Amino acid sequence: TVSGNFATHFGASTLFLAPEYLGNINFLSMVLLGAATSIFIMSWNITTFIIHSQRIPFLGATRQSFLKYCINNALLPVIYLVFYTVACVRYQWLNENTAISKILILQTGFYLGVALILFFSFIYFFRVDRDLFKVVLSKITNPSLIREIVPYDTLDLEIDIIKAETYLSEKLKIKRLVDLTSYHPRLLNTVLRRHHRNAITASFVSLLALIFLGIFMDEPRLRIPAGAGFLILFSIIMSLVGAVKYFLKTWELVGWVVIAFVFSVLVKMSVFNLGSIAYGLNYEKEKVPYDYKTLHEKFDQHLYTRDKYYEQLRLNNWLRRNTDSTGQKPTLILIAVSGGGSRSAYWSFRTLQYLDSLTKGKLFQRSVLLTGASGGMIGASYWHGIHSNIAKGKSMLPYATAYQDNIGKDLLNAIIFSFASVDFISPFNKISIAGRSYNRDRGYAMEQELIRNTDGIMDKNIGQDKEWIAQGIIPNLIINGTIINDGRKLMISSQPISYLTQPSYALSDSFASPIDAVDYGQYFSEHNAYNTRLTTALRMNATFPYVLPVVKLPTQPQIDIMDAGMRDNFGMEVITRYFLVHKEWIEKHTSNVILLQIRDTREQDVFPFTEHSSLGSILMNPLFVIHHKWEPFQSYTQGYMKELLPQENVDIINLTYIPFNSDKTASLNFHITQREKEDIYKSVENPQNQAQIRYFLELIK
């Protein structure tokens with residue numbers, strides 16, 4: 001992970017190479033990461049000591065046996081620490097543009113954290129006979145209790161004693177082994193067992209500490225860096241594996257089967273809920289049936305016609321506000337943004353803010369619809385929120401650089417820390433939103449961090465701007481998701497948009513209407529759909545597998561929502577259908593239409609070419625070809641869709657993030673480095689983008 005060869009697209013390496021505490025990479029964040037690294041190293045030593053100390057009987061006859069074990073077992077941790085230091089220094093120098101002096105301070109903090117935990121750990125283990133937790137936990141953590149329950153197996157007999165003649169002492173001097181003939185085996189085992197109890201107690205305390213941090217994760221000062229949280233979680237998992245292995249020995253496989261069965265039952269009984277929920281939505285109401293019959297009844301021809309009529313009333317309101325005294329028809333703008341994590345969020349916001357400043361506010365004023373997918377919608381929604389507040393009369397500086405900085409702030413740290421500390425206790429960790437109780441998980445953590453990053457601008461529900469949008473003062477926002485049960489699109493908006501749930505040609509066939517989308521607001525109208533938090537809608541729209549939890553909605557059978565990019569990563573499906581539905585009105589009342597598409601990948605080079613020359617690639621490619629090429633498949637298909645639009649009076653403007661160095665494209669996750677921010681920010685200056693911008697300015701005059 002640290003080398004960048006595992007989970008690179010998720011930004012996993014940044015959690016360890018650029019840890020953040022209170023929103024910054026600082027001395028304290030490195031101290032905390034160093035401390036967690038030390039805990040992980042000690043957990044590894046503890047676990048292997050518990051499992052293998054019986055194979056090293058001379059340790060029972062030496063003073064400070066655990067210290068000696070750690071010293072003689074130190075080769076792998078030392079190699080890792082050296083490797084980490086090199087990788088961390090290189091990363092912070094090249095990607096975060098950190099000065100050498102600060103890098104040295106950060107490394108000092110890291111090793112201070114490592115040293116502190118090692119110091120306190122060895123103090124704890126040296127006091128074997130005066131264990132602080134002995135009275136409270138001696139019964140719980142006494143290995144003999146479980147060993148009395150587990151039946152004896154002749155395979156448990158340990159026969160592969162490690163052959164050793166010398167060892168390194170605590171003073172790093174080579175010493176020869178003592179003669180064990182004068183020690184009774186029971187005495188040696190008793191000494192080692194005391195260390196086992198202390199080791200298990202230490203792991204138990206680590207678990208309690210992680211749970212404590214998770215419960216109070218809303219307090220920023222208690223939110224340790226995500227990398228540190230992960231290391232502590234891994235430490236606990238390693239300790240659990242070691243404990244099961246030690247207690248059950250050759251019955252270990254049976255033990256894991258029982259544990260898996262119990263956990264499966266708890267999940268089935270909803271004691272552990274691995275899914276997430278939409279905050280603000282009422283889950284206490286009776287579930288809505290989800291089948292074709294119900295969809296057809298809800299989104300019938302009457303509703304289609306009614307919602308289309310209401311949308312054209314909104315367009316009429318927009319027309320009155322955008323027609324000047326000469327009566328000249330205005331330009332109508334439709335905006336589509338692509339998915340792509342924080343990279344796309346940063347690029348979408350940068351592009352929209354840049355164009356709006358050049359047009360002196362005309363971009364926002366002339367826009368009718370803003371839609372898209374994933375990270376792009378996060379950036380676009382923030383831009384929409386800032387300018388909506390200004391349109392409502394709030395005093396704000398529309399083009400302040402602080403807004404660009406805000407959208408570039410990290411989200412990954414909060415998500416991963418919550419995953420490590422909160423998610424597995426989420427059924428017992430409740431929050432209250434709008435008077436209703438919900439589970440707190442990494443989805444909630446992501447939303448809270450997004451609200452904090454954007455200074456509360458996005459802390460509202462999806463229906464809050466309903467009247468302002470209906471009056472044509474601000475553009476409509478359609479946030480999408482994918483219903484992974486059947487592939488339909490979930491469309492979230494403050495306006496009724498059932499006319500986008502099916503193609504118009506199908507209305508004549510009442511028995512076979514191919515409803516391919518769901519209007520969230522109307523389908524869940526009985527569940528207070530418009531009370532759903534905006535950040536929840538954006539989270540559903542950006543639910544990348546495993547990074548964020550799948551959102552479950554109150555239907556029967558239950559439907560699950562994931563990333564909008566699974567269905568349409570570029571927003572063109574909604575834009576094309578919207579245009580075709582209102583084509584007659586648009587042609588009659590506007591001079592021209594600008595379809596502004598903001599993408600984080602080039603349309604002609606959306607995914608690098610791959611050649612299958614190795615045996616592994618030949619065997620694996622058929623299995624993963626759809627996954628690997630899903631984005632280019634969509635891009636090519638949407639090229640056909642654009643061709644359906646009229647060639648006259650419809651202009652397509654493509655603004656694309658083009659990295660300065662094609663080999664150093666910004667990563668696709670919820671964290672972007674300082675170097676990546678600078679690269680994205682300057683991408684508007686690329687000649688290709690500048691040519692498109694000049695054309696856009698000519699069209700909007």
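Where is the place of Gln-597 in this chain? Hi everyone, let's start there. Gln-597 sits in strand S14, residues 592-599; strands here are DSSP runs of type E with at least two residues, helices are runs of H or I with at least four, and both are numbered from the N terminus.

A quick word on the model. It is a predicted one, where local features need pLDDT of at least 70, side-chain atom pairs count only at pLDDT 80 or more, and totals for chains, interfaces and linings use all residues. Residues are numbered from 1 along each chain as its sequence is written, and side-chain values use heavy atoms, leaving out hydrogens and water.

Back to Gln-597. With a relative accessibility of 1%, Gln-597 counts as buried; buried means under 20% relative accessible area, exposed means over 50%, and partly exposed is in between, using a 1.4 Å probe and protein chains only. Beyond its neighbours within four places in sequence, its contacts (heavy atoms within 4.5 Å) include Ala-336, Phe-570 and Leu-655.

Now compare a loop residue. Ile-161 lies between helix H7 (143-149) and strand S1 (166-168), and is partly exposed at 44%. Ile-161 touches Gln-54, Arg-55 and Pro-57, not counting residues up to four places away in sequence. From Ile-161 to His-52 is 109 residues in sequence, and 9.2 Å in space, C-alpha to C-alpha.

Zooming out, the chain has 27 helices and 15 strands. Of its 701 residues, 53% count as buried. Among contacts between residues at least 6 apart in sequence, 79% join residues at least 24 apart.

Let's finish with a pair of helices. Two packed helices are described by the angle and the distance between their axes. For H13 (residues 341-358) and H27 (residues 687-700), the axes come within 11 Å and cross at roughly 40°. Those axes are lines fitted to C-alpha atoms over the stretch in contact, with angles from 0 to 180 degrees between N-to-C directions. H13 and H27 are therefore oblique to each other: under 35 degrees would be roughly parallel, over 145 roughly antiparallel, 65 to 115 roughly perpendicular, and the rest is oblique.

Which residues of H13 and H27 meet? On the H13 side they are Trp-347, Tyr-354, Leu-355 and Leu-358, and on the H27 side Asn-689, Gln-690, Ile-693, Phe-696 and Leu-697.

Finally, 15 of the 18 residues of H13 are buried, so H13 is largely enclosed by the rest of the structure. After H13 comes Lys-360, with a positive phi near 55°.
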